[in-house]
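Colleague: I would like to ask some questions about how features get their labels. Could you take me through them?

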Amino acid sequence: MNRFAQTLAENSLSLRRARPEILQVNVGKICNLTCMHCHVNAGPKRKEMMTRETVDRIINWLAETDIPTVDLTGGAPEMIPDFRYFIKRTRALRLRRHVIDRCNLTILLERGYEDLSEFLATNNVEIIASMPCYSPQNVNAQRGEGVFEGSIAALRMLNSLGYGIDPELPLHLVYNPVGEFLPPSQAKLEADYKRELAAHFGVVFNKLYTIANLPIGRFASYLRHNNKLDDYMRLLIDAFNPATTDGLMCRNTISVGWRGEVYDCDFNQQLGMQWFSNGGGKRLFLWDIDPDLLEDREIMTGDHCLGCTAGAGSSCGGAIL
Ligand code: SF4
Ligand code: SF4
């Protein structure tokens, strides 16, 4: 039994799925950045990318469901050749779906992507953008030199298109700690971000999501390399908060990989924890599953899950409590 499962058992809790409400699709590992905390180990040299055939299979499956939200992530999801095709096909479905792009902001300024922000605005795509701090030092340390300045330029461009201002064009920012500690209070940090970004850069946005760093991928390597992994795990275990378990994103999200394979969440995806059929033998892809039969399915967990239940909890939509 992993340490998370053990902690759940000690608190007389179990973790099972509810009705799916979000289809989160990780379309590939290619990214223009190589951030220190990246749980995907994404970067410019990664070759894993969703093909058009897989996009079509996913959209055809989605068309038969009433799942209301499609959340595109990566890497930098915008860098796969069929990113716009994916969005256009989703938008063309009979039942209207809400589409989210998890964007690192700097991609909007890269050559070849000049008209991307306009495309996103025209298609009413919500943007959830990484912005680990409102000061240049912390952002550049975590994400690379010049990333802060690029992010501010991209945010200004998005504001000029109505993002963060027009209710049809939500713009949310994501904070994650720059080291081995838990995020501070989301409400307080959101107020700080709003004040500082408006005062110094004239930038506005809707919500700030605080997300904890999970001990996997590049962040786990950093912890191991600096002999801090045990201390971080202890911090997560000591901060376990049973009240967060109902709101964990794995309860209502289906996570899909670039080949169409299915997981309980994007973190499990990076750890290769693909779903198996009930009999145990067959690895499952999205087109193998019936969304109406997922309620009460047991969620696959590991030690890393303790990052989602520490303190106020952490999910793709920020703090849980
Ligand atoms: S954290 Fe996001 S922006 Fe940074 S390397 Fe990973 S996928 Fe790219
Ligand atoms: S890591 Fe994934 S499976 Fe584990 S608690 Fe977090 S969202 Fe759920």
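Modeller: Here is how the labels follow from the values.

Colleague: What kind of model is this?

Modeller: This is a predicted model.

Colleague: Why is Phe-219 called buried?

Modeller: Its relative accessible area is 1%. Buried means under 20%. The value 1% falls under that cut-off, so Phe-219 is buried. Phe-219 is found in helix H8, residues 217-225.

Colleague: Which residues does Phe-219 touch, leaving out those up to four places away in sequence?

Modeller: Phe-219 touches Met-36, His-37, Cys-38, Gly-179, Glu-180, Asn-213, Leu-214 and Tyr-232. Contact here means heavy atoms within 4.5 Å. Now take Asn-159, which is 60 residues from Phe-219 along the chain. Their C-alpha atoms are separated by 31 Å.

Colleague: How do you know that Asp-192 counts as buried?

Modeller: Asp-192 has 11% relative accessibility. The cut-off for buried is under 20%. Therefore Asp-192 counts as buried. Asp-192 is found in helix H7, residues 186-201.

Colleague: How far apart are Asp-192 and Tyr-134 in sequence and in space?

Modeller: In sequence, they are 58 residues apart. In space, Asp-192 and Tyr-134 are 8.5 Å apart, C-alpha to C-alpha.

Colleague: Is Leu-105 buried or exposed?

Modeller: Leu-105 has a relative accessible area of 0%. Buried needs a value under 20%, so Leu-105 is buried.

Colleague: Where else is there a positive phi at a residue that is not a glycine?

Modeller: Asn-124 has one, of about 50°. Asn-124 lies in the loop between H4 and strand S4 (126-130). A glycine with a positive phi is Gly-144, which follows H5. Its phi is near 120°.

Colleague: Which residues of helix H5 are buried?

Modeller: In H5, residues 136-143, they are Val-139, Asn-140, Gln-142 and Arg-143. These buried residues pack against S4 and helix H6 (147-160).

Colleague: Why do you say that the buried residues of H3 line one face?

Modeller: Helix H3 covers residues 83-91, and Phe-83, Phe-86, Ile-87 and Thr-90 are buried there. Seen down the axis of H3, its buried residues fall within an arc of 95°, so they line one face of the helix.

Colleague: What covers the buried residues of H3?

Modeller: The cover includes strand S1 (22-26), strand S2 (69-73) and strand S3 (98-103). It also includes helix H2 (52-63) and helix H4 (116-122).

Colleague: Which cavity does ligand 2 sit in?

Modeller: Ligand 2 sits in the second largest cavity. The space taken by ligand 1 is the largest cavity.

Colleague: How do the shells divide by class?

Modeller: The shell around ligand 2 has 10 nonpolar, two polar and no charged residues. Among the residues around ligand 2 are Cys-250, Cys-265, Cys-305 and Cys-308. Cys counts as nonpolar here.

Definitions and conventions
Residues numbered from 1 in each chain as written. Chains lettered and ligands numbered in written order. Predicted model: local features only at pLDDT ≥ 70, side-chain atom pairs only at ≥ 80, totals over all residues. Heavy atoms only, no water. 1 Å grid on protein atoms, 1.4 Å probe; cavity = no way out; pocket = protein on both sides within 12 Å on 5 of 7 lines; lining within 4 Å. Sits in = over half its atoms within 2 Å of the grid points. Buried < 20%, exposed > 50% of the residue type's maximum accessible area, 1.4 Å probe, protein only. Helix = DSSP H or I, 4+ residues; strand = E, 2+ residues; numbered from the N terminus. Arc of directions from axis to C-beta. Near = heavy atom within 4 Å.
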